[in-house]
Amino acid sequence: LFLIQNPDVQERCHEETVQVLGYDRLPSMDDRDRLPYTLATVHEIQPCGNITPVGLVHETIQPTKLHGYDLPQGTVVMANYTAIFSNKEHWKHPDTFNPENFLDENGCFSKPESFVPFSLGPRSCLGESLARTELLLFITSLIQRINFSSPPDAKPIDMDGIVGIVRYPQTFSIICGSRDTKK
Ligand code: HEM
């Protein structure tokens with residue numbers, strides 16, 4: 001959805017991917033360093049997609065002091081990822097979809113400290129490394145071969161989505177056009 005909403009970003013990722021991989025070779029994790037803009041785009045999708053807006057429920061196991069607040073033992077604690085991902089002090093472009101959030105002044109990939117979609121600490125996401133690998137490989141191989149767009153008569157995409165334990169999109173229509181120049 002973010003690629004459909006930002007066709008210029010989609011096009012730039014496609015060009016970079018095809019320059020590095022061509023049309024025939026699928027991406028591997030070793031290609032990461034040669035795909036800085038695509039890598040930045042895949043990362044930008046995570047805080048914008050914000051699929052776990054408040055994380056899981058935790059509880060303090062001992063009396064704890066946090067930012068001047070006294071939390072007694074047994075206090076329920078949840079991380080507010082929506083606040084972290086929209087904090088104007090921590091992101092170059094907090095209110096827009098912009099892969100520049102993950103690029104330094106030389107166009108090299110650079111990850112801000114506030115990029116914590118898998119949480120932090122001993123109870124952070126167990127699937128983080130699998131999820132990060134799959135996100136890069138899936139999205140890059142799709143961008144390489146397919147152009148995503150909305151049908152001309154489609155209603156505007158609702159980017160707020162549906163929020164439950166996870167945040168997911170409303171039903172939407174999509175056109176997937178083949179990029180393969182041989183077909
Ligand atoms: C983009 C994909 C994913 C995101 C954004 C994500 C995010 C998260 C977050 C925010 C938590 C809560 C951590 C906390 O409250 O401190 C979590 C926990 C967890 N995730 Fe994921 N996750 C993803 C994919 C996966 C996958 C693919 C797996 C398994 C293969 C997985 C397994 C788990 C498990 C087992 C926990 C509980 C860890 C614990 O309580 O010790 N996740 N995840």
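**Group meeting: salt bridges, a ligand and a surface patch**

Hi everyone, let's start with arginine 34, which is partly exposed at a relative accessible area of 47%; here buried means under 20%, exposed over 50%, and partly exposed in between, with a 1.4 Å probe and protein chains only. Before going on, please keep in mind that this is a predicted model, where local features need pLDDT of at least 70, side-chain atom pairs count only at pLDDT 80 or more, and totals for chains, interfaces and linings use all residues. Residues are numbered from 1 along each chain as its sequence is written, and side-chain values use heavy atoms, with hydrogens and water left out.

Back to our arginine. Arginine 34 forms a salt bridge with aspartate 31, with 2.7 Å between the closest N and O atoms; the term stands for a side-chain nitrogen of Lys or Arg within 4 Å of a carboxyl oxygen of Asp or Glu. Aspartate 31 itself is buried, at 2% relative accessibility.

How many salt bridges does the structure hold? There are six. In one of them, arginine 179 pairs with glutamate 11, the closest N and O atoms being 3.2 Å apart. Arginine 179 sits in the segment after β8 (175–178) and glutamate 11 in helix α2 (residues 7–21), so this pair ties together parts that are 168 residues apart in sequence. Helices (H or I, at least four residues) and strands (E, at least two) are DSSP runs, numbered from the N terminus. Arginine 179 is buried at 14%, whereas glutamate 11 is partly exposed at 31%.

Another salt bridge joins glutamate 128 and arginine 132, at 2.9 Å between the closest N and O atoms. These two are four residues apart in helix α5, which means about one helical turn separates them. Salt bridges that share partners also link Arg25, Asp31 and Arg34 into one network.

Now, the ligand. Which protein atom is the donor of its iron atom? That is Cys125 (SG), the only protein donor, at 2.3 Å; donors are N, O and S atoms within 2.8 Å of the metal (3.2 Å for Na, K and Ca), and as water is not among the atoms, sites may look incomplete. Cysteine 125 is in the loop between α4 (81–85) and α5 (128–145). Ligand oxygen atoms also lie 2.6 Å from a side-chain N or O atom of arginine 123 and 2.8 Å from one of histidine 58.

Last stop: valine 57, in the loop between α3 (36–49) and β1 (58–59), is exposed with a relative accessible area of 53%.

Methods: Polar contact = N/O pair within 3.5 Å; in protein donor to acceptor, adjacent residues only side chain to side chain.
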